Amino acid sequence: QSETQQPPFTSRAADAYPASRPDMQTSESPNGSVKPGHWTSARLSIRSNLDDRRGVVQTRSEVGESPNGLLDDGSLDALEPELTSSFFVRRPAVLPKGQMRRLETRFLAPRREDQMFENVIMDGQFLGRDATARFDLRPARFAVMLPQTYFLVILTNRPERFTRWQTSNWVRAVHGADSFKRPPQNYRIVIPPTQGVLPLAETALDWTSTAVLLWDDLPASSLTPGQRTAILDWLNFGGLIVVNGPAGVDSLTDADFQDLLPVIPGGAAELLAGDAQDFIRSHSVVADPSTARVIEGLQGNSSFVAAAGQQRPDALEIGDGGLLLERRVGRGRLVQSRIDLMSPWLMPWKSYDSFVNSAILARPPRVFRREQVATDATPSAATPLSPETPLVSPDDATVLESDITPSPSVRQSFVGSEFIC
């Protein structure tokens with residue numbers, strides 16, 4: 001009697017890869033995010049409640065209407081009445097009775113020339129061998145990333161340590177106190193759950209929407225063979241892998257990854273104060289008042305460790321101190337930090353965000369200028385910049401963060417475009 005009360009099939013909405021931990025999901029992207037024009041892997045779940053079934057799962061994605069008409073950058077949505085859809089994708093499916101099966105599929109996220117939209121809807125059907133075994137899958141809604149936004153994936157078992165990266169000013173442009181819209185994102189940070197199979201694509205073609213992969217302490221054995229191959233192919237075709245400190249080196253036990261490291265693995269050693277001080281000086285913004293305090297705190301402190309090992313001949317040192325190195329791999333880069341990038345002694349350093357932006361991500365420097373606003377003016381009535389207003393030197397964002405936050409408005413030249421935020 002309980003079986004007859006159940007529906008023939010049960011399904012859950014698909015999740016797009018790379019998928020975040022459940023506590024990092026938002027109402028804007030309940031099933032993940034996609035980049036129009038890029039191939040994306042997705043995982044859907046379906047269960048046959050009454051019988052064993054064999055058939056195919058057929059899926060298709062289409063442009064969804066925006067619920068509020070506004071985009072991430074505050075502009076109005078201007079969709080034409082008809083929807084743009086991708087083609088159908090089919091894959092075989094075997095559904096044992098009563099078992100929730102997780103099935104992976106792929107789709108090409110649709111796009112519209114010269115038009116912006118907020119979400120993509122993916123729906124589909126399970127088509128059994130007989131006419132009675134047909135079931136409509138639960139639709140999934142994916143948030144659409146803007147053209148300049150790419151994924152930054154962090155492989156870690158300690159996600160709480162990377163809160164600083166999630167709020168850094170290189171992830172999203174500096175937000176002025178009087179701004180009524182969010183500045184556009186440069187990166188969408190994803191920290192995948194580490195239980196079970198990692199929600200990462202197994203083909204390099206589905207990694208094109210990812211710009212950076214930070215490898216912290218997750219063992220290489222956590223990846224499937226297909227995921228390892230996809231990451232290596234993606235790296236050779238222009239990806240960026242950042243290996244974080246001794247934990248990152250220890251976790252890369254796979255010989256295919258170890259042979260690409262700029263430093264031959266040699267365990268861990270005590271961090272020399274002189275090397276750390278030279279490192280801080282070489283990456284500090286000129287006007288940073290915290291540099292002296294950080295350097296003084298390193299003096300005589302022997303409690304910090306760094307990854308040991310000999311630098312490979314074709315590896316390049318970034319800055320001084322020998323603590324940050326990079327190596328070209330095909331058209332991509334592999335950056336290795338001998339120190340843990342989330343070390344407590346680095347957190348008071350106000351040049352930290354500028355260091356990540358320029359030295360690790362190799363992004364252009366930022367220039368900030370404070371806007372003069374009348375006391376009785378509306379937030380949109382920013383007055384022109386006066387001649388005596390100082391022009392902040394490139395990459396001084398973190399140094400002046402405390403000054404910028406309460407200021408009325410900030411004009412930022414950012415990756416070739418200038419806007420007020």
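How many residues of strand 18 (residues 332–337) are buried? Six of the six are, so strand 18 is largely enclosed by the rest of the structure. The model is a predicted one.

**Strand 18: both faces**
- Gly 332, Leu 334 and Gln 336 point one way from strand 18.
- Arg 333, Val 335 and Ser 337 point the other way.
- Residues on both sides are buried, Arg 333 included.

**Strand 18: its partners**
- Strand 13 (residues 240–244) pairs with strand 18 in the parallel sense, over five bridges.
- Strand 17 (residues 324–329) runs antiparallel to strand 18, and six bridges join them.
- Ser 337 of strand 18 is the bridge partner of Asn 244.
- Ser 337 is also the bridge partner of Leu 324.
- Strand 17 and strand 18 make a hairpin, with two residues between them.
- Gly 330 sits in the turn of that hairpin and has a positive phi of about 60°.

**Helix 8**
- Eight of the nine residues of helix 8 (residues 352–360) are buried, so helix 8 is also largely enclosed by the rest of the structure.
- The buried residues are Tyr 352, Asp 353, Ser 354, Phe 355, Val 356, Asn 357, Ala 359 and Ile 360.
- Their cover includes two helices, helix 2 (163–166) and helix 6 (273–283).
- Strand 13, strand 17 and strand 18 are also among the elements that cover them.
- Ala 362 follows helix 8 and has a positive phi, near 55°.

**Aromatic rings**
- The structure has 13 aromatic pairs.
- One of them joins Trp 349 to Phe 355, with ring centres 5.6 Å apart.
- Elsewhere, Phe 162, Trp 165, Trp 170 and Tyr 187 form one aromatic cluster.

**Largest cavity**
- There are three cavities of 30 Å³ or more in the structure.
- The largest cavity has a volume of about 60 Å³.
- Its lining consists of Tyr 17, Pro 18, Ser 41, Val 153, Leu 200, Ala 201, Asp 206, Trp 207 and Thr 210.
- Six of these lining residues are nonpolar, two are polar and one is charged.

**Second largest cavity**
- The second largest cavity holds about 50 Å³ of space.
- Arg 12, Ala 14, Leu 44, Thr 59, Met 122, Asp 123, Gly 124, Leu 137 and Arg 138 form its lining.
- Strand 1 (9–16) and strand 7 (119–128) each supply at least two lining residues.
- Strand 7 gives the largest share, three residues.
- By class, the lining of the second largest cavity has four nonpolar, two polar and three charged residues.

Note on methods. Residues are numbered from 1 along each chain as its sequence is written. This is a predicted model: local features need pLDDT of at least 70, side-chain atom pairs count only at pLDDT 80 or more; totals for chains, interfaces and linings use all residues. Side-chain values use heavy atoms; hydrogens and water are left out. Buried means under 20% relative accessible area, exposed over 50%, partly exposed in between (1.4 Å probe, protein chains only). Helices (H or I, at least four residues) and strands (E, at least two) are DSSP runs, numbered from the N terminus. Two strands pair if DSSP finds at least two bridges between them. On a 1 Å grid over the protein atoms alone, a cavity is a set of points where a 1.4 Å probe fits but cannot get out, and a pocket is an open set with protein on both sides within 12 Å along at least five of seven lines; lining residues have an atom within 4 Å of a point. Grid points are joined across faces, edges and corners, and a volume is the space filled by probe spheres set on the points. Ala, Val, Leu, Ile, Met, Phe, Trp, Tyr, Cys and Pro count as nonpolar, Asp, Glu, Lys and Arg as charged, and the others, Gly among them, as polar. Contact means heavy atoms within 4.5 Å. Rings of Phe, Tyr and Trp (its six-membered ring) pair if their centres lie within 6.5 Å; planes under 30 degrees apart count as stacked, over 60 as edge-to-face and the rest as tilted.
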